[in-house]
Amino acid sequence: MSSGRIQFLLGRLLKSILVLLAVVVLNFTILRLAPGDPALILAGEQGAADAAFVDQIRKDFGLDRSVPEQLAVYIKSLATFDLGLSFRERRPIATIIGERLPATLILTLTAFALSLLIGIPLGALAARRPHGMVDVALTTVSTAFFAMPLFWTGLLAIIFFSVWLNWLPSYGMMTVGAPLSGLAAFLDLVKHLALPASTLALFYISIYLRITRAAVLDVMGSDYVRTARAIGLPPTRIWREHILRNALLPVITFASLQAGHLIGGSIVIETVFAWPGIGRLAFDALLQRDYNLLLSVFFVSSVVVMAFNFLADALYVLVDPRIEAGASA
Amino acid sequence: MFLAHALARLSSALAVLCCLTSLALAQKSGGTLNLIVQPEPQTINLGINRLGPTSFVGSKIYEGLITFTPKLEPKPALAESWSISPDGLTYTFNLRKGVTWHDGKPFTSADALFSFQKFLPAVFFRSKLVLSEAESITAPDEHTIVFKLKAPFPGFMQIFEATGGTIMPAHLYEGVTDFRNAPANQQFIGTGPFKVGEWRRGSFVRLVKNDNYWDKGKPYLKEIYFHIIPDANSRSIAFETGKVDVLRAGDVENFDISRLASEPGVELTEAGWEFLQPIGYLHLNNRRKPFSDVRARQAVAHAIDRKFIIETIFGGFGREINGPFYSSKPYRDASAETKYEFDVEKAKKLLDEAGLKPGPGGIRAEVELVPLPYGEMWQRQAEYVREALGAVGIKANIASVDVAGWSQRLTTFNYDIGHNFLYTFGDASIGINQTYLSVKGDNTGTTGGNVHGYSNAEVDDILVKAAHENDPETRAKLYSRFQQIVTKELPLLWTHEMVFPTVFRKKVRNLTLTGLGTNENFADVWIDQ
């Protein structure tokens, strides 16, 4: 790799770190601006307290220091990759997030894969004959799923598949009280995953379908496709090599954006289906003003977003030589 | 011959009886109970957290010295017996022998001493407050603990049940001073009928039978699952599809309850809240206009149809209340209470007298209403109150808050009307005092305190005196006077005695045997299979 490219990447890395720092400071400040004092909530839950008692709670949680001081302590511990303890659970945050991460990844990755695998082909299918029967049907259904709130789609799915048909479990990640292992445990997981993952996927399928459809239509009208047709290339080859390949660019851009958010989970889906993931953890932490835990969830997800961005940049550098020129200009 | 025959018949009858009893016992034993805990508790250590979810799970793991019957009579738990000296100053508890902690160590008076002298007062303000009534706490031998009080305090017994006087294992805290942050808090070692099997965060808590439980033959259940299901609709579906056996108050909204309770094989009970005595409150900010004027407060009482709140908003689950004392609370005196019937004209007249005349648009005053962010029913109640007050010319604006914001608004007097509900506990001195005793300064500390900023020197005097009065007759007089004053001055409005229904499958037996209801230890619960 040329020195120009390396320089460009180093610049990007530095930028990412600066942005991350800004995100940390911003999150910290915004959270402290929200009304509500964790010490008061905790005291309130006990039903009675006096000022000295509330002060003691503040001291126990390090809330007795000034906000800039708390921020400094926080950044210092982050720099050593120490996420600290949760206010409420008094357990290491790294452990708490670690417990929830697999559930979130299983859910979001499955939904991600489903939405790509189904959304893109359907979009292409719709675009083959614009305003034809297939297109109208697909666009209408996808618009409906896009417009329906996730919790509503989820509840309908539960009523239909769990209550009426009794095919699939309505909540959780595993059959509670059934000690399964091996293949049986895996199949049990798949059964539990089916509803939440497909509900979440339905939403994204609609998006991929529409993006793909629009992009394909756009490319179909371009000069080089017309030329390809004019010189008599076989239609399947035009589809594969000229239309789809070029139409996928905006789809990939959107997919990389979505990938960055995979780790955040989905609060709505995780709530409706009692899926024990990160989204719900963050939501509960917010309600209880568990600052440390909430900030850490934000931190971890921003690190992932930044990492994906950096990865994308690195890929561009490898693929597109113009970037180097841009960097040295 | 005849005698021999009769004896033979008798012995075979006895044998059958024996078989039947052991069969009955065998039928009672075993089985899994599926419950919902919601929201997921932050800890299941009852010694460091007394919130609803923690109490529900933790009460099966940890125990107190006593528990309470539905009539609030004390009943033995870790204490086999007790005595109170006639002067009301000495409380002696004889502790049960042969009890072991879940880690096998023996339970002795050292544990009780540690809990009441060190642990509980450091963690809970209410414990600290009540235990400061004791001059000394001593353990004369391994199985006795004695509390000597500075002055009589008849409410003292109330703090010894599991959720108020959790007995903690002293041997796990040797050398520890910061109890709230102690690593031992994560071990969940109690003396209760159930031990922690597994806590899969976000999914379930599994408790398993403690085979060494002191009450031989109990518990009957093999295990208990507490399912964690964050959405109310999903919880209701989990019950309908048979995944869980019990729904507690708050698991589903009240308007869903009658439907679920009418399903075959399902039963509903309102029992089990005798000890906690929950009351719905409408705090009126006594420190700020317009509710600094008693007539404006009385007008609110007349303007609001509290029957409507019970029947329509809380789905019929609630009882009328006209004063600070729950109907089953000792020393309640209905004859001392001033009642405020729903009467819009009276409300308007009182507002006129308070100088709040209708201005443009008929508006007499504009106030800020802070709803309780605990679910849909509370939001509906706030909306109803807004409409009802609008009808008498008080324009109420509903603030948008979450629990943290609600708590801050109330504890800093930054509101006009605030919704709340509180447990008022058995004895007035434990559950009532802090809501009516005067506070100085800006911050009362918690939403359970005097957040309405009420101040009356006579009330202060009565409450402190009554708390330390050993003679029941004198106490009754004092509390009657208290009820008379506060129902006239209305520092706040009592909207209703809350009724928390529990819906369960009939096969679950002995679910709410004591005054603690589902916060009891479940040693007696069994499943009819």
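Biologist: What area is buried between chain B and chain A?

Modeller: The model is predicted. In it, 45 residues of chain B are in contact with 43 residues of chain A. Carbon and sulfur atoms give 57% of the area buried between the two chains, and that area is about 3900 Å².

Biologist: Which three residues supply more of the area that chain B buries against chain A than any other three?

Modeller: Together the three supply 18% of the area on the chain B side. They are B:Q42, B:F125 and B:R180.

Biologist: Which helix of chain B gives the largest share of the side that touches chain A?

Modeller: Several elements of chain B each supply at least two residues of that side, among them helix 3 (109–123), strand 10 (223–227) and helix 11 (403–411). The largest share is 5 residues, and it comes from helix 11 of chain B.

Biologist: Within chain B, how many residue pairs are in polar contact between domain 1 and domain 2?

Modeller: The C-alpha centres of these domains of chain B lie 28 Å apart, and the area buried between the domains is about 940 Å². B:W214, B:T514 and B:L516 supply 52% of what domain 1 of chain B buries there. For residue pairs in polar contact, both at pLDDT 80 or more, the count is 4.

Terms used
Residues numbered from 1 in each chain as written. Chains lettered and ligands numbered in written order. Predicted model: local features only at pLDDT ≥ 70, side-chain atom pairs only at ≥ 80, totals over all residues. Heavy atoms only, no water. Contact = heavy atoms within 4.5 Å. Buried area = accessible area lost by both parts, 1.4 Å probe. Helix = DSSP H or I, 4+ residues; strand = E, 2+ residues; numbered from the N terminus. Domains from an automatic or database assignment. Polar contact = N/O pair within 3.5 Å; in protein donor to acceptor, adjacent residues only side chain to side chain.
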